[in-house]
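This report describes the fold of a protein chain and then turns to how its parts meet. The model is predicted.

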Amino acid sequence: MALKDKIKKINKLLVKHFGIPKRPKKLPDPINTLIATVLSQNTNDKNSYQAYQNLKKKYKSWSEVAELTKSELEKVIRVAGLGKQKSSAILNFLKTLKKRNGKIDLGYITEMSDENILDELIAIKGIGVKTASCVLLFSLDRNICPVDTHVHRTLNRIGIVKTASPAKTFEIINKHLPDGIAHQFHTNLINLGRAICKSSKPVCSICPLLLECKYKHKNLEKSDSVNVSRFLLLDSI
Ligand code: SF4
(Lines give C-alpha, C1' and ligand atoms only; values in the text may rest on other atoms or scores of the structure.)
Protein backbone atom coordinates (compact mmCIF):
# COMPACT_ATOMS: atom_id res chain seq x y z
CA MET A 1 0.00 0.00 0.00
CA ALA A 2 1.34 3.48 -0.86
CA LEU A 3 2.41 5.57 2.11
CA LYS A 4 -0.27 8.16 1.37
CA ASP A 5 -2.97 5.47 1.58
CA LYS A 6 -1.52 4.05 4.81
CA ILE A 7 -1.63 7.52 6.38
CA LYS A 8 -5.23 7.93 5.19
CA LYS A 9 -6.19 4.62 6.80
CA ILE A 10 -4.51 5.41 10.14
CA ASN A 11 -6.06 8.90 10.15
CA LYS A 12 -9.52 7.42 9.60
CA LEU A 13 -9.12 5.04 12.56
CA LEU A 14 -7.88 7.87 14.78
CA VAL A 15 -10.79 10.11 13.81
CA LYS A 16 -13.21 7.27 14.52
CA HIS A 17 -11.72 6.92 18.00
CA PHE A 18 -10.90 10.52 19.02
CA GLY A 19 -13.18 12.51 16.66
CA ILE A 20 -12.26 15.56 14.60
CA PRO A 21 -10.42 17.96 16.90
CA LYS A 22 -11.97 21.40 17.32
CA ARG A 23 -10.18 24.49 16.07
CA PRO A 24 -10.73 28.10 17.12
CA LYS A 25 -12.80 30.17 14.66
CA LYS A 26 -10.06 32.76 14.44
CA LEU A 27 -6.61 31.25 14.06
CA PRO A 28 -3.89 32.78 16.25
CA ASP A 29 -1.43 35.36 14.94
CA PRO A 30 1.79 33.67 13.71
CA ILE A 31 3.90 35.46 16.35
CA ASN A 32 1.62 34.17 19.13
CA THR A 33 1.92 30.61 17.83
CA LEU A 34 5.68 30.84 17.48
CA ILE A 35 6.20 32.17 21.00
CA ALA A 36 3.76 29.69 22.56
CA THR A 37 5.58 26.84 20.78
CA VAL A 38 8.94 27.99 22.09
CA LEU A 39 7.42 28.09 25.59
CA SER A 40 6.03 24.56 25.18
CA GLN A 41 9.38 22.87 24.67
CA ASN A 42 10.12 20.20 27.29
CA THR A 43 7.10 20.99 29.45
CA ASN A 44 3.39 20.23 29.50
CA ASP A 45 0.65 22.34 27.90
CA LYS A 46 -0.60 23.54 31.30
CA ASN A 47 2.72 25.13 32.27
CA SER A 48 3.42 26.59 28.86
CA TYR A 49 -0.12 28.03 28.73
CA GLN A 50 0.47 29.63 32.13
CA ALA A 51 3.76 31.18 30.96
CA TYR A 52 2.08 32.44 27.78
CA GLN A 53 -0.77 33.98 29.80
CA ASN A 54 1.74 35.64 32.14
CA LEU A 55 3.29 37.38 29.14
CA LYS A 56 0.00 38.39 27.53
CA LYS A 57 -1.42 39.77 30.78
CA LYS A 58 1.68 41.70 31.78
CA TYR A 59 2.60 43.31 28.45
CA LYS A 60 0.45 45.10 25.89
CA SER A 61 2.45 44.04 22.85
CA TRP A 62 5.34 41.89 21.65
CA SER A 63 7.25 45.17 21.12
CA GLU A 64 7.13 45.70 24.89
CA VAL A 65 8.41 42.16 25.46
CA ALA A 66 11.26 42.82 23.01
CA GLU A 67 12.52 45.60 25.31
CA LEU A 68 12.91 43.31 28.34
CA THR A 69 16.24 42.03 29.55
CA LYS A 70 16.81 38.29 29.42
CA SER A 71 16.48 37.96 33.19
CA GLU A 72 13.25 40.01 33.29
CA LEU A 73 11.70 37.77 30.65
CA GLU A 74 13.06 34.65 32.33
CA LYS A 75 11.20 35.54 35.54
CA VAL A 76 7.84 35.96 33.77
CA ILE A 77 8.06 32.64 31.92
CA ARG A 78 9.73 30.65 34.73
CA VAL A 79 6.78 28.25 35.13
CA ALA A 80 7.53 26.77 31.68
CA GLY A 81 11.12 25.80 32.63
CA LEU A 82 14.31 26.22 30.56
CA GLY A 83 14.00 29.96 31.20
CA LYS A 84 17.46 30.94 29.94
CA GLN A 85 17.11 29.10 26.66
CA LYS A 86 13.51 30.16 26.02
CA SER A 87 14.03 33.84 26.91
CA SER A 88 17.07 33.99 24.58
CA ALA A 89 15.11 32.40 21.73
CA ILE A 90 12.10 34.72 22.19
CA LEU A 91 14.16 37.91 22.47
CA ASN A 92 16.34 36.97 19.53
CA PHE A 93 13.26 36.20 17.43
CA LEU A 94 11.51 39.51 18.26
CA LYS A 95 14.67 41.58 17.71
CA THR A 96 15.45 39.82 14.42
CA LEU A 97 11.95 40.58 13.14
CA LYS A 98 12.35 44.24 14.06
CA LYS A 99 15.75 44.43 12.40
CA ARG A 100 14.53 42.68 9.23
CA ASN A 101 11.25 44.53 8.74
CA GLY A 102 11.36 47.59 10.97
CA LYS A 103 8.43 46.18 12.97
CA ILE A 104 7.41 43.12 14.94
CA ASP A 105 5.01 41.56 12.48
CA LEU A 106 4.90 38.25 10.60
CA GLY A 107 1.98 39.20 8.32
CA TYR A 108 4.27 39.12 5.27
CA ILE A 109 4.75 35.35 5.45
CA THR A 110 1.10 34.62 4.62
CA GLU A 111 1.84 35.05 0.89
CA MET A 112 4.89 32.77 0.95
CA SER A 113 5.16 29.05 0.10
CA ASP A 114 5.46 26.48 2.91
CA GLU A 115 9.13 25.83 2.07
CA ASN A 116 10.01 29.53 2.05
CA ILE A 117 8.27 30.12 5.38
CA LEU A 118 10.18 27.23 6.95
CA ASP A 119 13.47 28.58 5.57
CA GLU A 120 12.65 32.12 6.69
CA LEU A 121 11.85 31.10 10.27
CA ILE A 122 14.51 28.47 10.92
CA ALA A 123 17.17 30.93 9.77
CA ILE A 124 16.52 32.70 13.10
CA LYS A 125 18.69 31.31 15.91
CA GLY A 126 16.60 29.36 18.44
CA ILE A 127 13.76 28.54 16.02
CA GLY A 128 13.63 24.92 14.85
CA VAL A 129 11.59 23.05 12.25
CA LYS A 130 8.97 22.00 14.79
CA THR A 131 8.30 25.58 15.89
CA ALA A 132 8.19 26.85 12.30
CA SER A 133 5.87 24.03 11.21
CA CYS A 134 3.48 24.82 14.09
CA VAL A 135 3.17 28.36 12.70
CA LEU A 136 2.29 26.87 9.29
CA LEU A 137 -0.38 24.56 10.68
CA PHE A 138 -1.91 26.46 13.60
CA SER A 139 -1.81 30.04 12.28
CA LEU A 140 -1.80 29.67 8.50
CA ASP A 141 -3.83 26.47 8.17
CA ARG A 142 -1.33 24.90 5.77
CA ASN A 143 -1.43 21.14 5.30
CA ILE A 144 1.75 20.55 7.29
CA CYS A 145 2.02 18.06 10.16
CA PRO A 146 4.51 19.19 12.84
CA VAL A 147 6.46 16.32 14.39
CA ASP A 148 7.10 16.36 18.13
CA THR A 149 8.23 13.41 20.27
CA HIS A 150 4.70 11.91 20.41
CA VAL A 151 4.18 12.10 16.66
CA HIS A 152 7.68 10.71 15.99
CA ARG A 153 7.29 7.81 18.46
CA THR A 154 3.79 6.76 17.42
CA LEU A 155 4.48 6.89 13.66
CA ASN A 156 7.56 4.72 14.14
CA ARG A 157 5.77 2.20 16.32
CA ILE A 158 2.82 1.96 13.93
CA GLY A 159 5.30 1.37 11.10
CA ILE A 160 4.37 4.36 8.94
CA VAL A 161 8.03 5.46 9.04
CA LYS A 162 11.29 3.95 10.23
CA THR A 163 13.35 6.95 11.22
CA ALA A 164 15.89 7.92 13.84
CA SER A 165 14.91 11.56 14.28
CA PRO A 166 11.80 13.77 14.31
CA ALA A 167 13.38 15.83 11.50
CA LYS A 168 13.48 12.78 9.20
CA THR A 169 9.93 11.79 10.21
CA PHE A 170 8.79 15.34 9.38
CA GLU A 171 10.39 15.21 5.95
CA ILE A 172 8.85 11.85 4.97
CA ILE A 173 5.40 12.33 6.43
CA ASN A 174 4.89 15.73 4.86
CA LYS A 175 5.91 14.49 1.41
CA HIS A 176 3.07 11.97 1.52
CA LEU A 177 0.40 13.71 3.60
CA PRO A 178 -3.10 13.54 2.02
CA ASP A 179 -4.74 16.95 1.49
CA GLY A 180 -6.63 18.58 4.33
CA ILE A 181 -5.81 16.19 7.18
CA ALA A 182 -2.76 17.79 8.84
CA HIS A 183 -4.57 19.24 11.88
CA GLN A 184 -6.62 16.15 12.74
CA PHE A 185 -3.72 13.77 12.05
CA HIS A 186 -1.24 15.79 14.16
CA THR A 187 -3.66 16.37 17.04
CA ASN A 188 -4.94 12.81 17.20
CA LEU A 189 -1.41 11.37 17.13
CA ILE A 190 -0.66 13.59 20.13
CA ASN A 191 -3.85 12.36 21.85
CA LEU A 192 -2.78 8.79 21.10
CA GLY A 193 0.80 9.35 22.29
CA ARG A 194 -0.24 11.07 25.51
CA ALA A 195 -3.00 8.71 26.56
CA ILE A 196 -2.42 5.31 24.95
CA CYS A 197 0.83 4.90 23.05
CA LYS A 198 2.86 6.22 25.98
CA SER A 199 6.61 6.33 25.77
CA SER A 200 7.35 3.96 28.67
CA LYS A 201 4.46 1.53 28.38
CA PRO A 202 1.87 1.65 25.60
CA VAL A 203 -1.64 0.46 26.46
CA CYS A 204 -2.10 -1.57 23.28
CA SER A 205 -5.16 -3.50 24.52
CA ILE A 206 -7.32 -0.39 24.10
CA CYS A 207 -5.56 1.12 21.08
CA PRO A 208 -7.67 1.86 17.98
CA LEU A 209 -4.65 0.98 15.82
CA LEU A 210 -3.93 -2.42 17.37
CA LEU A 211 -4.66 -4.39 14.19
CA GLU A 212 -2.64 -2.06 11.96
CA CYS A 213 0.34 -1.46 14.24
CA LYS A 214 3.68 -3.14 13.50
CA TYR A 215 5.30 -2.50 16.91
CA LYS A 216 7.06 -5.67 18.11
CA HIS A 217 6.82 -4.98 21.84
CA LYS A 218 3.09 -4.41 22.24
CA ASN A 219 1.76 -4.42 25.78
CA LEU A 220 -1.48 -6.39 25.74
CA GLU A 221 -2.22 -6.30 29.48
CA LYS A 222 -5.88 -5.47 30.09
CA SER A 223 -6.71 -1.86 30.88
CA ASP A 224 -10.17 -0.37 31.37
CA SER A 225 -9.72 3.30 30.77
CA VAL A 226 -7.19 6.02 30.15
CA ASN A 227 -7.19 9.68 30.87
CA VAL A 228 -7.29 11.76 27.71
CA SER A 229 -6.63 15.45 28.20
CA ARG A 230 -7.87 17.21 25.07
CA PHE A 231 -6.34 20.57 25.98
CA LEU A 232 -4.01 21.59 23.17
CA LEU A 233 -2.01 24.74 23.79
CA LEU A 234 -1.83 25.96 20.19
CA ASP A 235 -5.60 25.73 19.69
CA SER A 236 -6.18 27.65 22.94
CA ILE A 237 -4.13 30.83 22.54
S1 SF4 B 1 -0.88 -0.86 19.26
FE2 SF4 B 1 0.42 -0.22 20.97
S3 SF4 B 1 2.37 0.38 20.10
FE4 SF4 B 1 0.88 0.29 18.45
S5 SF4 B 1 0.13 2.40 18.27
FE6 SF4 B 1 -1.26 1.30 19.61
S7 SF4 B 1 -0.50 1.69 21.69
FE8 SF4 B 1 1.14 2.22 20.23
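## Secondary structure and overall form

In this predicted model, the protein chain has a secondary structure of 11 helices and 0 strands, and from the N terminus on its elements run α-α-α-α-α-α-α-α-α-α-α. The radius of gyration is 18 Å, close to the 18 Å that the globule rule gives for 237 residues, so the protein chain is as compact as a globular protein of that length.

Of the 237 residues, 36% count as buried. When contacts between residues at least 6 apart in sequence are considered, 65% of them join residues at least 24 apart.

## Division into domains

The protein chain is divided into two parts, with domain 1 made up of 3–22 + 145–235 and domain 2 covering 30–139. Taken over C-alpha atoms, the centres of domain 1 and domain 2 are separated by 27 Å.

## Contact between the domains

To the contact between them, domain 1 gives 14 residues, while domain 2 gives 13 residues. On the side of domain 1 that touches domain 2, the elements that give two or more residues are α10 (166–175) and α11 (182–195).

What is the make-up of the residues on that side of domain 1, in terms of nonpolar, polar and charged? The residues of the side of domain 1 that touches domain 2 divide into 10 nonpolar, 2 polar and 2 charged.

Technical notes
Residues are numbered from 1 along each chain as its sequence is written. This is a predicted model: local features need pLDDT of at least 70, side-chain atom pairs count only at pLDDT 80 or more; totals for chains, interfaces and linings use all residues. Domain bounds come from an automatic or database domain assignment. Two residues are in contact if their C-beta atoms, placed from the backbone, lie within 7 Å. Helices (H or I, at least four residues) and strands (E, at least two) are DSSP runs, numbered from the N terminus. Ala, Val, Leu, Ile, Met, Phe, Trp, Tyr, Cys and Pro count as nonpolar, Asp, Glu, Lys and Arg as charged, and the others, Gly among them, as polar. The radius of gyration is taken over C-alpha atoms; the globule rule is 2.2 Å times the number of residues to the power 0.38. A residue is buried if 20 or more other C-beta atoms lie within 10 Å of its own, exposed if 12 or fewer, and partly exposed in between; C-beta atoms are placed from the backbone.
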